[in-house]
Amino acid sequence: MAARPRSGAARRALTARRPPGTVSLERALSKLGMASRSEARALIGEGRVTVDGRVTRDAGQAVVPERVRIAIDGEARDAAAALTVLLHKPRGVVTTRRDPEGRPTAYDLVRDAGRQLQAVGRLDLASSGLLLFTTDTRLSAALTDPARAVPRVYVVTVRGAVDDAALALVRAGITIDGVPVAPRLVTLRKRSGRETHLIVELVEGRNREIRRLFDAAGHEVLRLRRVAFGGVELGTLAPGRWRVLSYDELRTLRSEAETR
């Protein structure tokens, strides 16, 4: 005979007997920053998640994240694990914890993440786009280490028509603080007499590097937006909003930082 569904009272009694801090497995994956709720359900259904070494396909399995070892594809994460989030930084927002002039800060925007996050690099006041924050200091250091050459991709709009000679100057690079720097790639998207749109890829983020590159070629940068960092893309995230990186995005980011 099939087991009868538990009544509401029975379910409440069962819940009351659970240890404090018990959540569903899919919620635990989300809480640990390993996956979104929908991604967690998919990963669990595919048999890629283990709890204390045992594969489970029950997204509703009750767990206390602090008391079990949860892994995806064998990679474990515990309750003290690092958190990494992606913010779409708007223009006019500074990348500092506090601003003496009272301007809005990127840290204000990610405060609801609930952890002590550190910005991975910076975007200046007039720039927008993808800005990573993490509690993983080793990951942050690796991503910003020039020797790792982790790529950053920007959509850039400059004043006037950038001719072939100016484009060649930008591609050749300049010297900043005594160090020669040059973009990895510069792609022309659209050119008119009024403005030029380009894609620029860098492998290190020196202060105002793109603006200084185009200034040297005689063109003012009007708009600058970072759209990718280490293989992680900004996508359609609205300005001012943030989200936790998915499991696969974090794996891509770690791979970029470790292998380049």
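How many aromatic pairs does the structure hold? The structure holds one, where pairing requires ring centres of Phe, Tyr or Trp (its six-membered ring) within 6.5 Å, with planes under 30 degrees apart stacked, over 60 edge-to-face and the rest tilted. This is a predicted model, in which local features need pLDDT of at least 70 and side-chain atom pairs count only at pLDDT 80 or more, while totals for chains, interfaces and linings use all residues. Residues are numbered from 1 along each chain as its sequence is written, and side-chain values use heavy atoms, without hydrogens and water.

**Aromatic pair**
- Tyr 107 and Phe 133 pair edge-to-face, at 5.1 Å centre to centre and 85° between the planes.
- Tyr 107 belongs to helix H4 (residues 106-109) and Phe 133 to strand E9 (residues 128-134), so the pair ties together parts 26 residues apart in sequence; helices (H or I, at least four residues) and strands (E, at least two) are DSSP runs, numbered from the N terminus.
- Phe 133 is buried at 0% relative accessibility, and Tyr 107 is buried at 14% relative accessible area (buried: under 20%; exposed: over 50%; partly exposed: in between; 1.4 Å probe, protein chains only).

**Nonpolar cores**
- The largest nonpolar core has 30 residues, of which Phe 133, Val 156, Ile 210 and Phe 214 touch the most other members (a core is a set of buried Ala, Val, Leu, Ile, Met, Phe, Trp, Tyr and Cys residues joined through side-chain atoms within 4.5 Å).
- Elements that each supply at least two residues of this core include H4, E9 and helix H7 (209-216).

**His 219**
- His 219 sits in the loop between H7 and E15 and is buried, with a relative accessible area of 12%.
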